[in-house]
Amino acid sequence: MKSMASVLELIDHIQKKSVGFGAGSAEVLGVLDSIKIQKTGKYGEVGYTEAGVCDVHGEYLIARHEAGRGMLRYSPTGICPQCQRVAQIRRENVGSANSFGARFAECTIKSYETGGHEGKIFARDKSLEYVKGFLAGERKCLIFAGNTGNGKNHLASAICKALDKNGYSTLKIKATEYINLYFGEDWKNKNDTIKRFEQLDLLVIDEIDKFQSTTATQSALFDLFDARYVAGKATMVLTNFNKDSLKAHIGEFSFDRLKPATLVPFFWESYR
């Protein structure tokens, strides 16, 4: 469990590292599942061309067979060169301030194993869709609801890391950490702390079903959700509850502040 000081220091560090590149310059490395390639002409003959299509930067040249020069490759990896340059700059200057732990340190959306399971494929695809939508300017909330050991933390961490690489500020915190912070003895200025949480581009609240639900704790959660709702920020929650149980646990007003939200179900056998 993080201390109050460590949580606030982490938020401040994230805000300093985040450079806010904004929408329209997506990071494709480790995010997109495939590269769209268009081929024209006959391979081995002059005029044969391979071109990629980037969702952000449009068409780009991968390879071409030129007279007297043979087959020339302009993008050996096949990935959009402009995206690669953006990615390199962001890796050098932004980085991630989140601590995902050893278990989730290398998680990506692509590395989420589906095994052909319909529900897992849906969860993976919705996560990819969420990242692409975020980079395009959408700020919807996201709810991962389902059983333990179904990959909610894997995909949530992967989403955070994909957005971190693009210069957005993200923080993943347990609900009990926030509740303890809210009611901490040394907390003299609640509005200032709420403001710091409010400014994060994406706030992920894990184990939202684990805090004791009372009128006071529901009010504390509402203060946070409402501030982020008014600021137009996205909030993501991870829970073992279904939709109705989650609504009852956090309170109707807090649940309402998550709208519009995409709910992704994770109800299958644990693979732990």
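How many residues of strand β2 (residues 49-54) are buried? Of its 6 residues, 5 are, so to speak, under cover; buried means under 20% relative accessible area, with over 50% called exposed and anything in between partly exposed (1.4 Å probe, protein chains only). Keep in mind that this is a predicted model, where local features need pLDDT of at least 70, side-chain atom pairs count only at pLDDT 80 or more, and totals for chains, interfaces and linings use all residues. Residues are numbered from 1 along each chain as its sequence is written, and side-chain values use heavy atoms, with hydrogens and water left out.

View 1. The chain comes to 10 helices and 9 strands. Helices (H or I, at least four residues) and strands (E, at least two) are DSSP runs, numbered from the N terminus. Of the 272 residues, 47% count as buried. Take the contacts (heavy atoms within 4.5 Å) between residues at least 6 apart in sequence: 72% of them join residues at least 24 apart.

View 2. Strand β1 (residues 36-40) runs antiparallel to β2, joined to it by 5 bridges. Here T40 has T49 in β2 as its bridge partner.

**View 3. Five strands form an open sheet.** Read the order as β6-β7-β8-β5-β9, with parallel pairing; two strands pair if DSSP finds at least two bridges between them. At the edges sit β6 and β9 (261-266), each pairing on one side only. From one strand to the next, the twist averages 15°. Zoom in on β5 and β9 and you find 6 bridges in the parallel sense, with A145 partnered by P265 in β9.

**View 4. Helix α5 lies across the sheet strands.** Residues 152-164 make up α5, which lies across β5, β6, β7, β8 (234-239) and β9 and runs at about 160° to β5. Axes are lines fitted to C-alpha atoms, for helices over the stretch in contact, and angles run from 0 to 180 degrees between N-to-C directions. Look for I159 in this helix: its relative accessibility is 0%, so I159 counts as buried. Leaving out residues up to four places away in sequence, I159 touches I109, S127, Y130, V131, L142, F144, L202 and M236. C107 is 52 residues from I159 along the chain, yet their C-alpha atoms are separated by 9.2 Å.

**View 5. Helices α6 and α8 cross.** Their axes come within 10 Å and cross at roughly 95°. That makes α6 and α8 roughly perpendicular, a label for angles of 65 to 115 degrees (under 35 is roughly parallel, over 145 roughly antiparallel, the rest oblique). From α6, Y178, I179 and Y182 meet T217, A220, L221, D223 and L224 of α8.
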